[in-house]
Amino acid sequence: MGTQRPLFVAGSVALLHVGAVWALQSGLAQRIVTNPEPQVLMAEFVEPQRPQVAPPPPPPPPPQVRAAPPVRHVAVAPAPAPRPAPAPRPVATPDPAQQAPAMATAPPAPLPPVAAPVADAAPPAPPAPPVVVAKAEPTAAPPAPVVVLPSSDAEYLQNEKPAYPSLSRKLREQGKVVVGVLIGPDGSAQKAHIHASSGFDRLDQAALATAQRWRYVPGKKGGVATAMWFNVPIDFVLE
């Protein structure tokens, strides 16, 4: 093993030298070492041929204006003077007595016809009498129906006096209460309210209860019993 390794190395070196010699001879190394020369490309710009444009035609010559011919002055001969008219020849006038023809008398004009009177013509109609418009007299308004107010003072009603509250007596409360009452056609109180207060609630309530219990003479309108509002005064006076 010790002798084979040096031999292998020596063989490898010999092979490398042989390859190098062969490369030098074939010029491969020269191709690798030498740098290739750059090639220069020449480019030339060719301008395209422009289209030929025909020049515009020359403008037409201006029209020639002919000069007007000179005016020739022509002598005008004067007009001949008018000749005088010849004098009239005398004419012989004949005798009127000899040559006057006999004049024929014209017939008289006829008279206009006279219209005959018409016997059957109707006489003119007499004028129409004037129309008299009678003025309507204002009608008198019907009299207003007579109104009779209700009443609570009839003796036959027998309405009792209002009860005086005992506490009001002790406190010496007194006054006048006006109660508004709606009295029906039958004389009964349908509604009631305090129209004027006495200043004391106990007296007002006592008067209201009394006015609702009372009977009344119903009010009348045109002789017919009608429901009406009526103010009933009630006095509370201590004796």
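1. A residue counts as buried when its relative accessible area is under 20%, and as exposed when that area is over 50%. By this rule, 15% of the 239 residues of the protein are buried. The model is predicted, and the points below should be read as a description of that model.

2. The overall make-up comes next. The protein has 5 helices and 6 strands. Along the sequence, these elements follow the pattern α-α-α-β-α-β-β-α-β-β-β. Of the contacts with a separation of 6 or more, 71% are between residues 24 or more positions apart. The protein exposes about 22,400 Å², and carbon and sulfur atoms supply 64% of that area.

3. Together with Val-9 and Val-13, Phe-8 makes a nonpolar surface patch of about 300 Å². Phe-8 has a relative accessible area of 63%, so it is classed as exposed, the cut-off being over 50%.

4. On the sheet: 3 strands form an open sheet in the order β1-β4-β5, and their pairing is antiparallel. The edge strands are β1 and β5 (224-226), each of which pairs on one side only. Strands in a sheet are held in pairs by backbone hydrogen bonds, in a parallel or an antiparallel manner. Here, 2 bridges join β1 to strand β4 (residues 219-221), and these two strands run antiparallel. Val-148 stands opposite Lys-220 in β4.

5. How many aromatic pairs does the structure hold? The structure holds 1 aromatic pair.

6. Is Ser-168 buried or exposed? Ser-168 lies in helix α4. Its relative accessible area is 0%, so Ser-168 is buried, the cut-off being under 20%. What does Ser-168 contact, leaving aside its neighbours within four places in sequence? With those neighbours set aside, Ser-168 is in contact with Glu-173, Arg-202 and Leu-203.

Notes
Residues are numbered from 1 along each chain as its sequence is written. This is a predicted model: local features need pLDDT of at least 70, side-chain atom pairs count only at pLDDT 80 or more; totals for chains, interfaces and linings use all residues. Side-chain values use heavy atoms; hydrogens and water are left out. Patches are made of residues with over 30% relative accessible area and no salt bridge: like charges are joined within 9 Å, nonpolar side chains (Val, Leu, Ile, Met, Phe, Trp, Tyr) within 5 Å. Accessible areas come from the Shrake-Rupley method with a 1.4 Å probe; for residues, only the protein chains shown count as cover. A salt bridge is a side-chain nitrogen of Lys or Arg within 4 Å of a carboxyl oxygen of Asp or Glu. Buried means under 20% relative accessible area, exposed over 50%, partly exposed in between (1.4 Å probe, protein chains only). Rings of Phe, Tyr and Trp (its six-membered ring) pair if their centres lie within 6.5 Å; planes under 30 degrees apart count as stacked, over 60 as edge-to-face and the rest as tilted. Helices (H or I, at least four residues) and strands (E, at least two) are DSSP runs, numbered from the N terminus. Contact means heavy atoms within 4.5 Å. Two strands pair if DSSP finds at least two bridges between them.
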